[in-house]
Amino acid sequence: MTPVPPPAAAPRSPWPRFALLLVILGAAAGSLLLWSPTSLLSGGPPAGVPGYWLAPVFVGVYAVGTLAFVPRPALNAAAGLLLGIQQGVLLAVLGTALGAAAAFALGRLLGRDALRPYLRGRMLGALDRRFTEQGFRSVLLLRLLPGLPFQAGNFGAAFSGVRFLPFLTATAIGVVPTTAVYVTAAASAGEPGSAAFLVSAGTIAALGLVSLVSLWRAAVRRRSAAA
């Protein structure tokens, strides 16, 4: 008599992992009630801490700050106040890359399986295909666009089919312009008449205007589609 194979185990639900992702992000955001990444960064290391710890501690605090949904302009301003332009830009970009990598890993491991089935609509499906087939170019464009929330880009990429290395490389390259602008503005704020401050402040104003125009155009498109 041929033995009957045991029934296949039911697939595990992805929702407990998604719930864990929400708990982690909620804890990171809630921790801001106990500490302030921007104050810690702009204040510098505590007395007695060796100088060689400054760079790794700064990058780590910056990365955790992004996970806690602290706006990157505020973190970049803290970098400029503490480190100046050159070192501030370098360490802010490294902190951004580390925070993006952490968010991507969390989203890919804990949230993607739960939300992937919902990427089947016409628009979401097209975006998913674009990120899967043109990962580096799509993420680079995402980072260059002003006004888009940093974590929205991280988790949007994590839930799509983009690979990790193109995502991280495009992020590190794409955030350099806006990072440099905010770091420079903060570092040169003590000399409001300097060329560095005037150029960076003007660029920030232009980025804000572009963001408002982009939001207005998106609202107009949504209204037109609804009609």
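Select Phe-164 to begin the tour: at a relative accessibility of 38%, this residue counts as partly exposed. The structure on display is a predicted model, and residue numbers run from 1 along the chain.

**The aromatic cluster**

The structure contains five aromatic pairs. One of them joins Phe-104 and Phe-164 in a tilted arrangement, with 5.6 Å from centre to centre and 55° between the planes. Phe-104 belongs to helix α5 (residues 85-115) and Phe-164 to helix α9 (residues 164-174), so this pair ties together parts that are 60 residues apart in sequence.

Now hide Phe-164 and look at Phe-104 with Phe-167. Their rings form a stacked pair, at 4.6 Å centre to centre and with 25° between the planes. Here too helix α5, which holds Phe-104, is tied to helix α9, which holds Phe-167, and the parts joined are 63 residues apart in sequence.

Are Phe-104 and Phe-167 buried or exposed? Phe-104 is buried, as its relative accessible area is 3%. Phe-167 is likewise buried, with a value of 0%. The cut-off for buried is a relative accessible area under 20%.

**A charged residue over a ring**

Next, select Arg-72 together with Phe-150. Arg-72 lies over the face of the Phe-150 ring, at 5.4 Å from the ring centre.

**A serine in a loop**

Move on to Ser-188, which is found in the loop between α10 (176-187) and α11 (195-226). Despite its place in a loop, Ser-188 counts as buried, because its relative accessible area is 9%. To which atom does the side chain of Ser-188 reach? Display the backbone of Thr-184: the Ser-188 side chain reaches the backbone oxygen of that residue at 2.6 Å.

**A nonpolar surface patch**

For the last stop, turn to the surface and select Leu-20, Val-23 and Ile-24. Together these residues form a nonpolar patch with about 250 Å² of accessible area. Val-23 counts as exposed, because its relative accessibility is 55% and the class of exposed residues starts over 50%.

Technical notes:
This is a predicted model: local features need pLDDT of at least 70, side-chain atom pairs count only at pLDDT 80 or more; totals for chains, interfaces and linings use all residues. Side-chain values use heavy atoms; hydrogens and water are left out. Patches are made of residues with over 30% relative accessible area and no salt bridge: like charges are joined within 9 Å, nonpolar side chains (Val, Leu, Ile, Met, Phe, Trp, Tyr) within 5 Å. Accessible areas come from the Shrake-Rupley method with a 1.4 Å probe; for residues, only the protein chains shown count as cover. A salt bridge is a side-chain nitrogen of Lys or Arg within 4 Å of a carboxyl oxygen of Asp or Glu. Buried means under 20% relative accessible area, exposed over 50%, partly exposed in between (1.4 Å probe, protein chains only). Rings of Phe, Tyr and Trp (its six-membered ring) pair if their centres lie within 6.5 Å; planes under 30 degrees apart count as stacked, over 60 as edge-to-face and the rest as tilted. Helices (H or I, at least four residues) and strands (E, at least two) are DSSP runs, numbered from the N terminus. A charge sits over a ring if NZ of Lys or CZ of Arg is within 6 Å of the ring centre and within 35 degrees of the ring normal. A polar contact is a pair of N or O atoms within 3.5 Å; within protein, one must be able to donate a hydrogen and the other to accept it, and residues adjacent in sequence count only if both atoms are side-chain atoms.
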